Amino acid sequence: MPDTPTVPAPGSGPGPTPAPAAVSDFRGRVRSRFGFGCGFRPRFRLRRSVLVPLTAAVVLVAGTGGWYAAGGGRSTVGPAPAGGPEEAVAPLARSMHLPWPREGQASVAVEGIGSLGTRGEQKPVPIASVTKVMTAYVILKDHPMRADAPGATVVADRRAADESYSSVETTAPVLAGREYTQRRLLELMMVPSGNNVARLLARWDAGDEKAFVAKMNRAAAGLGMRATTYTGVSGMEASTRSTAADQLRLARAAMKDPVFRQVVATASVTAPGAGVTFRNTNKLLGRDGVIGLKTGSSTPAGGNLVWATTQEVAGASRLVLGVVLHQRAGTTPAEGSAAAHEASRALITAIRADLPAAVNRA
């Protein structure tokens, strides 16, 4: 099951504008499917421009070089710093009383300070669309980009276009034969969680999805993610499994890349040509210092959220990363997602409120 409703569309990205009849037909499908004009509030609006310019995301992540002792702010993607989520809990954490979720598993760390703890049995569980963090990580490792740059040009294939109309998973509209920038496809994969776009990027990078999955698993091994197995690139497969500790390790590595930081801080993105604007599935974004990262929900996975926030501590901005997995597993994706957001919000609020004082107490 998907994170958000599937939105079929005739295409997006630069290139020839679809015929008016095609756009009109797509908008009719949207009105019919999501109840426009029937008293329901749509989760997106039809527009022809991106609501949040890229510069807005840049402002959110200004000064990120200070988060890491080494390697921060460079355009390359490297391994996580020494230590990681499995390191000993920072002494100051013992004086903090955090509202850990009562189910599933969670892990939190503060760059430059250390781990604030890990809760729940760290056994591999399905992670749904959180999988796309690794997909983006590998794409940016293989095709590095400069901050604010559009990146390489990718031509959408027929398969990705046909999958735009799927009714069983979250997709984003692309049109066969049209050219897209690497950045726009990363946004369409991470912001509305487009599964078809994740698979398109995998085929573009490695020739086929199986070869790309092998790259994902090699990258996981290189990061020390010993409890993680990827079997697909989008998270649709319940056989893709990981732990909160492993996903925290990946988040630390991915957030070193300025382009990744910009993409996950993007509040909304418009699919050109289709005129459909998607809001980020991360409902915490832009609140309490949150600058990312990725949601994931399905019935077997429950609700999952990897999040990144900042907090000033002793005059320095610190990056706080957290992972909450397997909330309300076995229920609906909506119920699981709501639980993951609520558990994450409680942790973020408590950490931001007490971390400065905890540093002084330590």
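Which residue forms a salt bridge with Asp142, and how far apart are the closest N and O atoms? The legends below describe close-up views of a predicted model.

**View A. The salt bridge between Asp142 and Lys215.** Asp142 pairs with Lys215, and the closest N and O atoms of the two are 2.8 Å apart. Asp142 belongs to helix 3 (residues 132–142) and Lys215 to helix 7 (residues 209–222), so the bridge ties together parts that lie 73 residues apart in sequence. Asp142 is partly exposed, with a relative accessible area of 31%. Lys215 is also partly exposed, at 24% relative accessibility.

**View B. The salt bridge between Arg158 and Asp162.** In this pair, the closest N and O atoms of Arg158 and Asp162 are 3.5 Å apart. The two residues are four apart in helix 4 (residues 158–163), a separation of about one helical turn. Arg158 is exposed, with a relative accessible area of 54%. Asp162, with a value of 48%, is partly exposed; the cut-off for exposed is over 50%.

**View C. The salt bridge between Asp354 and Arg361.** Asp354 and Arg361 are joined by a salt bridge whose closest N and O atoms are 3.1 Å apart. Asp354 has a relative accessibility of 22% and counts as partly exposed. Arg361 is partly exposed as well, at 44%.

**View D. A network of salt bridges.** Seven residues are named in this view: Asp157, Arg159, Glu163, Glu169, Arg199, Arg203 and Glu209 are linked to one another in a network of salt bridges. For the model, the count of salt bridges comes to 14.

**View E. Helix 5 against helix 6.** Helix 5 spans residues 182–190 and helix 6 spans residues 195–206; their axes come within 8 Å and cross at roughly 140°. That angle makes helix 5 oblique to helix 6. On the helix 5 side the contact is made by Gln182, Leu185, Leu186, Leu188 and Met189, and on the helix 6 side by Val197, Ala198, Leu200, Leu201 and Trp204. Sorted by class, this contact has nine nonpolar residues, one polar residue and no charged residues.

**View F. Helix 3 against helix 5.** The axes of helix 3 and helix 5 are 10 Å apart, and the helices pack at an angle of about 170°. The two helices are therefore roughly antiparallel to each other. From helix 3, Lys132, Val133, Thr135, Ala136, Ile139 and Leu140 meet Gln182, Leu186, Met189 and Met190 of helix 5. The contact has seven nonpolar, two polar and one charged residues. Gln182, Leu186 and Met189 of helix 5 also take part in the contact with helix 6.

**View H. Asp246 and Gln122.** Asp246 lies in helix 8, which covers residues 244–254. At 3% relative accessibility, Asp246 counts as buried. In sequence, Asp246 and Gln122 are 124 residues apart, while their C-alpha atoms are 9.0 Å apart in space.

Conventions: Residues numbered from 1 in each chain as written. Predicted model: local features only at pLDDT ≥ 70, side-chain atom pairs only at ≥ 80, totals over all residues. Heavy atoms only, no water. Axes fitted to C-alpha atoms, helices over the stretch in contact; angles between N-to-C directions. Parallel < 35°, antiparallel > 145°, perpendicular 65-115°, else oblique. Contact = heavy atoms within 4.5 Å. Nonpolar A, V, L, I, M, F, W, Y, C, P; charged D, E, K, R; others polar. Salt bridge = Lys/Arg side-chain N within 4 Å of Asp/Glu carboxyl O. Buried < 20%, exposed > 50% of the residue type's maximum accessible area, 1.4 Å probe, protein only.
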